[in-house]
Amino acid sequence: MLCHFNEDYDLLYGSLQGAISRAVREGSVDQRRALLRKWRDWNNSVGAADDIRPVLYNGFSVAVFFKQSSDARGFMNGIYDGLLDSVKADTQGKV
């Protein structure tokens, strides 16, 4: 997460959405599955908090400034959904 969501994400990827798009496609299917599990486990335990911004930074090294807690929640959901889609796309029809 640190390599995609550091203070320079906009310089490296053009936008936060660009960084998300890149992050959810990189790595092997097994690595992306492991990240999905980590996000799911995190959401089941810590994700119920009203403001997840401190946990994103401390737990996932996400150094993106979110003005509102809802922006951080949208970011988290976007990563999870993107990872699901990328893993499904790469495993459809494979045994």
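At what angle do helix α2 and helix α5 pack, and how far apart are their axes?

1. Before you start. This is a predicted model, in which local features need pLDDT of at least 70 and side-chain atom pairs count only at pLDDT 80 or more, while totals for chains, interfaces and linings use all residues. Residues are numbered from 1 along each chain as its sequence is written, and side-chain values use heavy atoms, with hydrogens and water left out.

2. The helix pair. Helix α2 (residues 16-25) and helix α5 (residues 69-91) pack at about 35 degrees, and their axes are 9 Å apart. Axes here are lines fitted to C-alpha atoms, for helices over the stretch in contact, with angles running from 0 to 180 degrees between N-to-C directions. The helices themselves are DSSP runs (H or I, at least four residues), numbered from the N terminus.

3. Who meets whom. From α2, the residues L16, I20 and V24 meet F75, G78, I79, G82, L83 and S86 of α5; contact means heavy atoms within 4.5 Å. The residues of this contact divide into six nonpolar, three polar and no charged. In this count Gly is among the polar residues, and Asp, Glu, Lys and Arg are the charged ones.

4. The core. The largest nonpolar core has 21 residues, of which F5, W39, L56, V62 and F75 touch the most other members. Such a core is a set of buried Ala, Val, Leu, Ile, Met, Phe, Trp, Tyr and Cys residues joined through side-chain atoms within 4.5 Å. Helix α5 gives the most to this core, with six residues.

5. The aromatic rings. Four aromatic pairs are present (ring centres within 6.5 Å; planes under 30 degrees apart are stacked, over 60 edge-to-face, the rest tilted). W39 and F75 form an edge-to-face pair, 6.5 Å centre to centre with 65 degrees between the planes. This pair links W39 in helix α3 with F75 in helix α5, 36 residues apart. F66 and F75 have ring centres 5.2 Å apart and planes at 50 degrees, so their pair is tilted. F66 and F75 are buried, meaning under 20% relative accessible area, with exposed over 50% and partly exposed in between (1.4 Å probe, protein chains only).

6. A last stop at K38. K38 lies in helix α3 and, at 43% relative accessibility, counts as partly exposed. Leaving aside neighbours within four places in sequence, K38 is in contact with G59 and F60.

Conventions
Helix = DSSP H or I, 4+ residues; strand = E, 2+ residues; numbered from the N terminus. Phe/Tyr/Trp six-rings, centres within 6.5 Å; stacked < 30°, edge-to-face > 60°.
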